[in-house]
Amino acid sequence: MADVFTFGQYAPDVSIYKVGHSRLILNVVPRGDGYGPFKSFNVATSALPAACRGAFLARKSDGTVVIFAATSTRLWQLNNTTLGWTPASEVLALTSISNATPAVFTLNSHGMSIGDAIVLSTSGALPAGLTVGTVYYIITAGFTANAFQVSATLGGAAINTTDAGSGTHSFTSEYPALTSTHQWQFAQAGNLVFAVQANTVPQVFNLSSSTAFADLAGSPPQASYCAIVGRFLVLSGLLSNPFRIHWSGLNDYDEWTSGVSSSDFQDLSDGGIVRGVAGGEYGLIFQDATIRRMIYAPGSDVIFQIERITEDKGLFAPYSIIRADEQVFACLTDGFHRIRPGGNPEPIGRERIDRTFFADVDTTAPHLFLGANDPSNSRVYWAYKSLSGAAGLFDKFIIYDYVLDRFSTANVTGEYLTSLAAPGITLESLDAQFPSIDAMTVSLDDFSSVSLTKLAGFNSDHKMGFFSGDNLEATLETAEQTLDRRMRVKGLRPVTDAPDCYASVGKRETLQDAVAYSTEQAINVRGLCPANVDTRIARAKVRIPAATAWEFATGVEPEYAGRGKR
């Protein structure tokens, strides 16, 4: 038996008997010397009014960031001062706002609900008592299908007006609801941010001038997915034709007429429905049973050269696509893969995690299988809803370090996973949000690196945050070892800098037996977790409690003696 049992590669698909694999590597991230802690979720913003169904980080030309989020029927922009969410959906023109106590807003079949937040705009001047850009809430009083009143606070007193104002007044409205298994998807080109979902016209927001999203001009098709490929906006998952991709004009995102400014479409006659496109200098088209590469071909008879790179291998879930460090990662129909620039899919999960994942994932919730990149590390993350998870939430992470080529896992619950950066917030703004440093729910570190993109998400309370809190409770197991005769394990010395940890011995007599664990013991002043286990086959389990400060865990040094009996 080796002098050190290492916490090996996480590979639950295969036997761990006398090999360097582990089947339990939980709430940690891979390191070169083993594993490090995975941090808990830290809330950074106020709550959205409903479950998050999409989020996006946009960067302005001056380097500042703008964060957008989506609920089923609304688009939102994060207010960097209040850390609240301002409605940013397209606007509808009102028929009128009365000069009255209270003011009555009229529009036939306005489609809004009590409690909805709206923001007003106008071509002239709003009636006195109302302000452009302020968030108002629709209240119960006076609410009908064709009229409503508003308050400055949720459920508060109605706003009064003292004149009629001038011009046409508008308010942020709602979109048709998302289907239950889809999300909003975003893309950015220059100062333009695009947002799509199949039940509405593609939306656009100009970071230099817009206060709300608007319909993208040029009659583009309604689409579930969008990506920027070179200088084209590429739409897929089209409501009108799911086997087609359609791209805009070259650097002309309002042009969608085939043959004008290089805009065109391509119907893909085989390979199934298009489930998404990974953008970049070239595009990767993911279908049910095929992947194709699209390369811009200037001066050619065709706008894009489209070539097949897989046969009978397509995308398992549309939101599992991740672009990181010029590579693309995705879960295909036969498991997790990496695609390097110009290359073909390389399996990274085969005989490691694929079988375990496919046996655990809830295939009825593909929208909760979400991929995200953490640019501050060489890691990508997939969140998914397991068969035992709560409805509407993911509950597990698969973590892959593509430099180390190692996996780990975490148990984390939430609504949405993405990569975001903390908005630019002044100390004065933080003062307004938190009465003291002790009352802060978010780390100051999250605001000190404004331009640094990090792993982020939305929790079950619809609040955005970062994975920057206390360390989660970590559990790690070694592979199984044997002396080919009986042995007595007297203790386990965890190879970790964690000052507080516990260890137990997993034992069984034969490979056909179930594993039984000894009572876990705390580490003592000698750095040893005592044990007294007589067995033929042994594995070690180490648990590091939540909120313990530590950096690495490599394995255990066992204290044992052979007993001579077979």
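The model is a predicted one, and the protein in it has 566 residues, of which 53% count as buried. Its secondary structure consists of three helices and 50 strands.

**Strand S37 and its partners**

- S36 and S37 form a hairpin, with four residues between the two strands, and within this pairing Asp374 has Arg379 of S37 as its bridge partner.
- S37 is also joined to strand S38, which covers residues 396-401, by six bridges, and these two strands run antiparallel; here the bridge partner of Trp382 is Ile398 in S38.
- Six of the six residues of S37 are buried, so the strand is largely enclosed by the rest of the structure.
- In a regular strand, side chains alternate between the two faces of the sheet.
- In S37, Arg379, Tyr381 and Ala383 point one way while Val380, Trp382 and Tyr384 point the other way, and all of them are buried.

**The protein as a whole**

- Along its principal axes, the C-alpha trace of the protein spans about 95 × 65 × 40 Å.
- The protein exposes about 22,500 Å², and carbon and sulfur atoms supply 50% of that area.
- Among contacts between residues at least 6 apart in sequence, 61% join residues that are at least 24 apart.

**The largest pocket**

- The largest pocket holds about 1,300 Å³ of space, and its lining is made up of 41 residues, of which Phe56, Phe186, Ala187, Ile321 and Arg323 lie nearest its centre.
- Several strands give two or more residues to this lining, among them S8 (55-59), S20 (185-189), S24 (223-229) and S36 (370-374), and S8 gives the most, with five residues.
- By residue type, the lining of the largest pocket divides into 25 nonpolar, 10 polar and six charged residues.

**The second largest pocket**

- The second largest pocket has about 530 Å³ of space, and 21 residues line it, with Lys39, Asp374, Asn377, Arg379 and Phe467 lying nearest its centre.
- The elements that give two or more residues to the lining of this second pocket include strand S5 (28-31), strand S6 (34-37), strand S37 (379-384) and helix H3 (445-448).
- The lining of the second largest pocket divides into eight nonpolar, five polar and eight charged residues.
- Asp374 and Arg379, which are among the residues nearest the centre of the second largest pocket, are also bridge partners of each other.

**Backbone details**

- Thr101 and Pro102 are joined by a cis peptide bond, with omega at about 0 degrees, and Pro102 is found in the loop between strand S13 (96-97) and strand S14 (105-106).
- Ser262 has a phi near 70 degrees, which is a positive value in a residue other than glycine; Ser262 lies in the loop between strand S26 (244-247) and strand S27 (264-267), and its relative accessible area of 23% makes it partly exposed.
- Asp405 likewise has a positive phi, of about 55 degrees, although it is not a glycine; Asp405 lies in the loop between S38 and strand S39 (406-410), and at 30% relative accessibility it counts as partly exposed.

Definitions and conventions. Residues are numbered from 1 along each chain as its sequence is written. This is a predicted model: local features need pLDDT of at least 70, side-chain atom pairs count only at pLDDT 80 or more; totals for chains, interfaces and linings use all residues. Side-chain values use heavy atoms; hydrogens and water are left out. On a 1 Å grid over the protein atoms alone, a cavity is a set of points where a 1.4 Å probe fits but cannot get out, and a pocket is an open set with protein on both sides within 12 Å along at least five of seven lines; lining residues have an atom within 4 Å of a point. Grid points are joined across faces, edges and corners, and a volume is the space filled by probe spheres set on the points. Ala, Val, Leu, Ile, Met, Phe, Trp, Tyr, Cys and Pro count as nonpolar, Asp, Glu, Lys and Arg as charged, and the others, Gly among them, as polar. Buried means under 20% relative accessible area, exposed over 50%, partly exposed in between (1.4 Å probe, protein chains only). Contact means heavy atoms within 4.5 Å. Accessible areas come from the Shrake-Rupley method with a 1.4 Å probe; for residues, only the protein chains shown count as cover. Two strands pair if DSSP finds at least two bridges between them.
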